[in-house]
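Hello,

Here is the structure I promised to pass on to you. Have a look at it first, and my notes on what turned up follow below.

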Amino acid sequence: MALIHIKKLERRDPSSGDFIIQFAVPSVAIQTPQGKKLIPNPAGTEAAIYDNLHAAESAIRLAGFDYEFEGKVTQTVQQNLSSAGLAQPKQQYINLSKNPMQDAEDILVEQLTDKESSVVSNAVMALGAMRVYRALPDLIELLGHDDPLVRKNLADALARFGGQALPSLKAAFLAAKSNQEKQSPYIRLTVINALLALLNQPEGVHWSSDYLPLALEALNDDSWLVRSQAALLFANTAFSLEELRLREKR
């Protein structure tokens with residue numbers, strides 16, 4: 001599991017000349033109707049600066065990542081799994097490492113090719129909950145899976161990767177649009193359902209300008225299911241944007 005490393009900064013306040021302490025968090029930049037917004041992400045190339053450690057930790061928790069500060073690791077994802085009833089009871093294992101969540105990543109990726117759909121479905125759910133970014137290409141390969149439960153869990157899982165999943169989702173949709181393979185409608189439908197699930201993420205509505213052109217394409221899809229879900233995506237996005245505007249006016 002990738003960690004976000006919080007960096008402590010000591011700077012001189014230009015107005016007072018005093019030394020102040022701030023905290024830098026790796027982040028990715030997204031464009032919103034209000035301008036650029038920084039979202040904590042271990043793969044981020046920009047840094048969000050916070051005036052206190054509590055604010056930095058709160059932002060990282062909201063984004064759903066584990067983090068490290070001065071050698072102490074806080075596992076937000078593990079806490080979320082426990083609260084959802086997904087964490088396994090403590091047992092004694094031989095040769096168990098100190099980080100079983102990380103050890104499980106390779107096994108879960110292998111299970112994506114299992115013959116049993118239930119195994120694939122649960123592995124998809126786990127990789128999404130753990131936000132295993134390196135598994136994203138493998139998850140994209142499952143967009144046209146025959147099992148509807150796999151596709152449902154896949155849509156939810158991909159949404160948890162936020163904006164990082166959007167380029168792969170767009171590419172998969174357009175590729176499935178240009179061919180006549182049997183699973184192509186499933187691929188396009190799962191992509192739109194992933195975008196619908198993305199709206200339920202804390203910062204989901206802020207990616208609307210990136211995914212709405214694709215949703216517009218889907219409104220003219222050959223599959224009525226894709227057209228229907230695309231219309232729902234526009235409706236839910238409109239509701240979310242209106243709610244955001246009202247919240248910002250308060």
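His 145 sits in the loop that joins H5 and H6 (helices, H or I with at least four residues, and strands, E with at least two, are DSSP runs numbered from the N terminus). Its relative accessibility is 19%, so His 145 counts as buried; the scale is under 20% relative accessible area for buried, over 50% for exposed and partly exposed in between, with a 1.4 Å probe and protein chains only. A polar atom of the His 145 side chain lies 3.0 Å from the backbone nitrogen of Asp 147. Neighbours within four places in sequence aside, His 145 is in contact (heavy atoms within 4.5 Å) with Ser 117, Val 120, Val 150, Arg 151 and Tyr 186. Two of those names come up together again: Arg 151 lies over the face of Tyr 186, 3.9 Å from the ring centre. The criterion there is NZ of Lys or CZ of Arg within 6 Å of the ring centre and within 35 degrees of the ring normal.

Before you go further, a word on conventions: this is a predicted model, in which local features need pLDDT of at least 70 and side-chain atom pairs count only at pLDDT 80 or more, while totals for chains, interfaces and linings use all residues. Residues are numbered from 1 along each chain as its sequence is written, and side-chain values use heavy atoms, with hydrogens and water left out.

Now the rings. The structure holds two aromatic pairs (rings of Phe, Tyr and Trp, the latter by its six-membered ring, with centres within 6.5 Å; planes under 30 degrees apart are stacked, over 60 edge-to-face and the rest tilted). Phe 23 and Phe 69 have ring centres 5.7 Å apart and planes at 70°, so this pair is edge-to-face. Phe 23 belongs to strand E3 (residues 19–32) and Phe 69 to strand E6 (residues 66–69), so the pair ties together parts 46 residues apart in sequence. Both Phe 23 and Phe 69 are buried. Tyr 133 and Phe 161 also pair edge-to-face, at 5.2 Å centre to centre and 80° between the planes. Tyr 133 is in the loop between helix H4 (117–130) and helix H5 (136–140), and Phe 161 in the loop between helix H6 (148–159) and helix H7 (166–177), 28 residues apart. Both Tyr 133 and Phe 161 are buried.

What about helix H9 (residues 208–218): which of its residues are buried? They are Ser 208, Tyr 211, Leu 214, Ala 215 and Ala 218. These cover an arc of only 130° around the axis, which puts them on the same side of H9 (the arc is taken over directions from the helix axis to the C-beta atoms). The face turned away from that side carries the exposed residues Pro 213 and Leu 216. H7, helix H8 (184–198) and helix H10 (224–249) are among what covers the buried residues of H9.

The largest nonpolar core has 66 residues, and Leu 158 and Leu 195 have the most contacts inside it. Such a core is a set of buried Ala, Val, Leu, Ile, Met, Phe, Trp, Tyr and Cys residues joined through side-chain atoms within 4.5 Å. H8 gives the most to this core, with nine residues.

Finally, the overall picture: the chain has ten helices and seven strands, and 42% of its 250 residues count as buried.

Best wishes

Definitions and conventions
A polar contact is a pair of N or O atoms within 3.5 Å; within protein, one must be able to donate a hydrogen and the other to accept it, and residues adjacent in sequence count only if both atoms are side-chain atoms.
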